[in-house]
Amino acid sequence: MAQPKILYIIIYNPAIPYEVKMKKYLTNYIHRFNNVTFYFISLTENIISSYKDKIENEINEKENEKEINEKENENENENENENENEINEKENENENEKENEKEINEKENENEKENEKEINEKENEKENENNEINENEFYFDLPNKILFIKGKESLVPGILTKTMKAFTLLTKNEEFDYFIRGNISTVIDLKKLIKKLQSVKCQNFYGSGLIILGGDNIKFASGTSIIFDKISMKFLLDNQHKLNYSRKDDVMIGHLMNLDKNINYIEFGHFKYNSLDYKKTIFYRNKTRRKRPHDAERIKKITNHLISNL
């Protein structure tokens, strides 16, 4: 059976030392799967541009702009006297314009209420704008498998923002069979998961190692290991303008996926916390309060074991 093509993105913050260690161990494991394209996703306020010529041009433009502004200031002083007469004439014209402006404002006010709803909808669309990003808003650090996206790291809305922008960007020019959104402290036994995925008989599914019932009685896939197929990913991307960025990422993705009444929820199971039970585990969640460096060492043990059994 042909191996499915998988896109695997992992939430990552390079400013946190233990996450840097976790990334090292995960990279050493995941890169051994030729059918898995993976990136660690990070936000940065200072995007690293690969377009050096553009950066140099921007520096030159700033220097030129300074000279131009100085010359413009000199010209403004020379023309000040000449412009004074014109200003006086325009002031007289403005008196007549004020009367016309009153009539115009009345008409504009009549249209304002009708347009208000439409304007608000357009503003919401602009806020999301399908998370389209131009070439100056992202950078691939290919040797280190990091996708940097312009923005500020945060739990809310940062994680959801970089999740959606990464999926939007990475699915533009390449097709995949399955999509995984993981986090830095969860190790997934990809060998076992791929077998599970190949045995799934339904389409349009959305799942995880753990499905959670939220307080609002809406199910959502745990953000440790959110999994989509082609159909559910298309629904997510086509409807991302409906996402609420004011709450946790996995919960809000769950709310959106719940709008698709044909969605199939799959809990793959075999999900364990802080475990070294290799026989019964696919999703290894490593999170010990106040001892995150210990979690990194556990990830090292898990990935070494998984590598030895490939």
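What follows is a set of questions about labels, with the values behind them.

Colleague: What kind of model is this, and what are the ground rules?

Modeller: This is a predicted model, where local features need pLDDT of at least 70, side-chain atom pairs count only at pLDDT 80 or more, and totals for chains, interfaces and linings use all residues. Residues are numbered from 1 along each chain as its sequence is written, and side-chain values use heavy atoms, with hydrogens and water left out.

Colleague: How many helices and strands does the protein chain have?

Modeller: Seven helices and 13 strands. Helices are DSSP runs of H or I with at least four residues, strands are runs of E with at least two, and both are numbered from the N terminus.

Colleague: What makes two strands a pair?

Modeller: DSSP must find at least two bridges between them. β7 (residues 205-208) and β10 (residues 225-229) have two bridges, antiparallel, so they pair under that rule. In this pair, G207 stands opposite I227 of β10.

Colleague: Which strands make up the eight-stranded sheet, and in what order?

Modeller: The order is β3-β4-β2-β1-β5-β10-β7-β11, in an open sheet with mixed pairing. β3 (138-141) and β11 (264-267) are the edge strands, each pairing on one side only. Neighbouring strands are turned by 20 degrees against each other on average, direction ignored.

Colleague: Why is N204 called buried?

Modeller: N204 has 8% relative accessibility. The limit is under 20%, so N204 counts as buried. N204 sits in the loop between α4 (190-199) and β7. Leaving out residues up to four places away in sequence, N204 touches D229, I231, S232, D260, N262, I263 and N264. A touch, or contact, means heavy atoms within 4.5 Å. N204 and F235 are 31 residues apart in sequence, with their C-alpha atoms 9.0 Å apart.

Colleague: How do α3 and α5 meet?

Modeller: The axes of α3 (residues 158-170) and α5 (residues 230-238) come within 11 Å and cross at roughly 115 degrees. Axes are lines fitted to C-alpha atoms, for helices over the stretch in contact, and angles run from 0 to 180 degrees between N-to-C directions. M164, F167 and T168 of α3 make the contact with M233, L236 and L237 of α5. Those residues divide into five nonpolar, one polar and no charged. Ala, Val, Leu, Ile, Met, Phe, Trp, Tyr, Cys and Pro count as nonpolar, Asp, Glu, Lys and Arg as charged, and the others, Gly among them, as polar.

Colleague: Where do α3 and α5 lie on the sheet?

Modeller: α3 lies across β1 (6-11), β2 (36-44), β3, β4 (146-150), β5 (178-183) and β10, at about 155 degrees to β1. α5 touches β5, β7 and β10, and its direction makes about 105 degrees with that of β10.

Colleague: Why are β6 and β12 edge strands?

Modeller: The three-stranded open sheet runs β6-β13-β12, with mixed pairing. β6 (186-188) and β12 (271-273) each have a single partner strand, so one side of each lacks a neighbour in the sheet. The twist averages 15 degrees from one strand to the next. β6 pairs with β13 (residues 283-285) in the antiparallel sense over three bridges, with I188 partnered by F283.

Definitions and conventions:
Buried means under 20% relative accessible area, exposed over 50%, partly exposed in between (1.4 Å probe, protein chains only).
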